[in-house]
Amino acid sequence: SLDDPLNYGRNVYLKGHLPNALFVDLDTELSGDLTVTPARHPLPKIEDFIALCVKAGLILPVENGSTTKENKKRTACLCYDDQAGGLAAARMWWMLQNLGVEAYILDGGIQCYDDIKAKEEK
């Protein structure tokens, strides 16, 4: 909400999310440190993103500490956000694709899921 803009995404996630969903923050986990470039959301270091994917169980760690596509894929990932056309889901999908992780985007965001769930409950 406008009352707490820094935690908007987390608050929306806490209100409701898909089963087994994990919250990933665009500003802190899908973006790197701000630099001298004017980019608002520079890419994170590949090592940081791989560590996030390992922690989330999307990929398995590589013994030699590699940070390339050598990481073995573990599971597919459905990316979505709270609004259709949101940036965070597309960015996560793109970053996962570049690691070789099978990833998809929920067309219509969480609202699409909520609409389908509501129809099934009728």
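Start by selecting helix 1 (8-15), helix 2 (46-56), strand 3 (77-79) and helix 3 (87-99): each gives at least two residues to the lining of the largest pocket. Helices (H or I, at least four residues) and strands (E, at least two) are DSSP runs, numbered from the N terminus. A pocket is an open set of points on a 1 Å grid over the protein atoms alone, where a 1.4 Å probe fits and protein lies on both sides within 12 Å along at least five of seven lines; lining residues have an atom within 4 Å of a point.

This is a predicted model, in which local features need pLDDT of at least 70 and side-chain atom pairs count only at pLDDT 80 or more, while totals for chains, interfaces and linings use all residues. Residues are numbered from 1 along each chain as its sequence is written, and side-chain values use heavy atoms, with hydrogens and water left out.

**Inside the pocket**

Now pick Phe23, Val24, Tyr80, Asp81 and Ala88, which lie nearest the centre of the largest pocket among its 40 lining residues. The space there comes to about 1,000 Å³, a volume being the space filled by probe spheres set on grid points that are joined across faces, edges and corners. Colour the lining by class and you will find 26 nonpolar, nine polar and five charged residues. Here Ala, Val, Leu, Ile, Met, Phe, Trp, Tyr, Cys and Pro count as nonpolar, Asp, Glu, Lys and Arg as charged, and the others, Gly among them, as polar.

**The whole chain**

Zoom out to see four helices and four strands, in the order α-α-β-β-β-α-β-α from the N terminus. Of the 122 residues, 30% are buried (under 20% relative accessible area; exposed is over 50%, partly exposed in between, with a 1.4 Å probe and protein chains only).

**Helix 2**

Select Phe49, Ile50, Leu52 and Cys53, the buried residues of helix 2. They line one face of the helix, because they fall within an arc of 155° seen down its axis (the arc is that of the directions from the helix axis to the C-beta atoms). These residues pack against strand 1 and helix 3. Step on to Gly57, which follows helix 2 and has a positive phi near 85°.

**Helix 3**

Next, show Ala89, Arg91, Met92, Met95, Leu96 and Leu99, which are buried in helix 3. They sit on the same side of helix 3, since their arc around the axis is only 165°. Their partners are helix 2, strand 1 (59-60), strand 3 and strand 4. Just after helix 3 comes Gly100, with a positive phi of about 85°.

**Two stops in one loop**

Go to the loop between helix 1 and helix 2, where you will find Asn20. Its phi is near 70°, a positive value in a residue other than glycine. Most residues other than glycine have a negative phi. Asn20 counts as exposed because its relative accessibility is 79%.

His41 is also in the loop between helix 1 and helix 2, but at 14% relative accessibility it counts as buried. Leaving out residues up to four places away in sequence, His41 touches Leu26, Asp27, Ser31, Leu87 and Arg91 (contact means heavy atoms within 4.5 Å).

**Last stop: Leu106**

Finish at Leu106, in the loop between strand 4 (103-105) and helix 4 (109-121). Beyond residues up to four places away in sequence, Leu106 touches Leu18, Leu78, Cys79, Tyr80 and Tyr113. Draw a distance from Leu106 to Asp81: they are 25 residues apart in sequence and 8.3 Å apart in space, C-alpha to C-alpha.
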